[in-house]
Amino acid sequence: MSDTTIAIASYSGYGHTAQIAAAVADGAHSVSGTQVHRVDVASLSDADWEVLDCADAIIFGSPTYMGTASGAFHAFAEATSKRWMTRAWSDKLAAGFTNSGSMSGDKMHTLQYFAVLAAQHGMLWVSLGLLPGWNTTTSGPEDDNRLGFYLGAGAQSFNDTAAVHDADLSTARHLGRRVAEQTRIHRDGLAARR
Ligand SMILES: Cc1cc2nc3c(=O)[nH]c(=O)nc-3n(C[C@H](O)[C@H](O)[C@H](O)COP(=O)(O)O)c2cc1C
């Protein structure tokens, strides 16, 4: 059975979301038989587009800027419209992650935007698949999914430091691992039907 391929299509203006993208990549890479490629949506080469077109799954990532994905990510999403027309990404798996300065910061909207983008392409959305952390008196911010998202991974990074929270990196690794596992299951299922 050939390797499955996961592409991470993301943007980071100031480096925080790039750290989260790297953690997503680590998680995906930990699943044997998985190739992982990261592409920066702000500077896509023809080879990067080919990576996206050939991937079994694409994980979208962007900081939340002004309550949605960054302008660079929106420009990328619009540039995918030719693929939309030809259904080139139909039935690929998809997932998403975002990061913002505030605990909420309207990040949910960014994840919803990614899910709608995936749906427009006919992609199959993979949720985060974690219970919320830090929601009892005995739990704490070191928990995975400390901000309680379901749709994707939501991270928070303080605006005055380059550091990214360990729990958010761990949550991002979980997302990458889950997408890689689900992609393998999907590919095996398709192969079994042939
Ligand atoms: C133009 C701009 C808009 C932002 N809008 C939001 C926002 O809507 N909500 C929020 O919580 N943080 C907001 N922030 C803070 C960023 O989400 C935060 O600094 C994040 O860590 C940046 O990620 P990056 O380093 O990958 O660019 C904004 C930052 C910028 C520069």
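The UniProt annotation "domain: Flavodoxin-like", from an unreviewed entry, covers residues 6–180; UniProt positions are given in the numbering used here, feature names are shortened, and annotations may be inferred rather than shown by experiment. The model is predicted, and local features need pLDDT of at least 70, side-chain atom pairs count only at pLDDT 80 or more, while totals for chains, interfaces and linings use all residues. Residues are numbered from 1 along each chain as its sequence is written. The end C-alpha atoms of residues 6–180 lie 7 Å apart, and the span is 38% helix and 21% strand, where helices (H or I, at least four residues) and strands (E, at least two) are DSSP runs, numbered from the N terminus.

**Shell around the ligand**

- The ligand is surrounded by 19 residues, the closest being Tyr14, Thr17, Pro63, Ser100 and Gly105, with a residue counted as near if its C-beta atom, placed from the backbone, lies within 6 Å.
- Helix H1 (16–29), strand S3 (57–65) and strand S5 (93–100) each contribute at least two residues to this shell, and S3 supplies the largest share, three residues.
- By type, the shell comprises four nonpolar, 14 polar and one charged residue, on a scheme in which Ala, Val, Leu, Ile, Met, Phe, Trp, Tyr, Cys and Pro count as nonpolar, Asp, Glu, Lys and Arg as charged, and the others, Gly among them, as polar.

- Eight of the eight residues of S5 are buried, so S5 is largely enclosed by the rest of the structure; buried here requires 20 or more other C-beta atoms within 10 Å of the residue's own, exposed 12 or fewer, and partly exposed falls in between, with C-beta atoms placed from the backbone.
- Leu93, Ala95, Phe97 and Asn99 lie on one side of S5, and Ala94, Gly96, Thr98 and Ser100 on the other.
- S5 runs parallel to S3, joined by seven bridges, and to strand S7 (residues 153–156), joined by four; strands pair if DSSP finds at least two bridges between them.
- Ser62 stands opposite Thr98 in S5, whereas Asn99 has Ala155 of S7 as its bridge partner.

- Met103 is found in the loop between S5 and helix H5, and Met103 is exposed, with 12 other C-beta atoms within 10 Å.
- Leaving aside neighbours within four places in sequence, Met103 is in contact (C-beta atoms, placed from the backbone, within 7 Å) with Leu147 and Gln156.

Note on methods: Contact = placed C-beta atoms within 7 Å.
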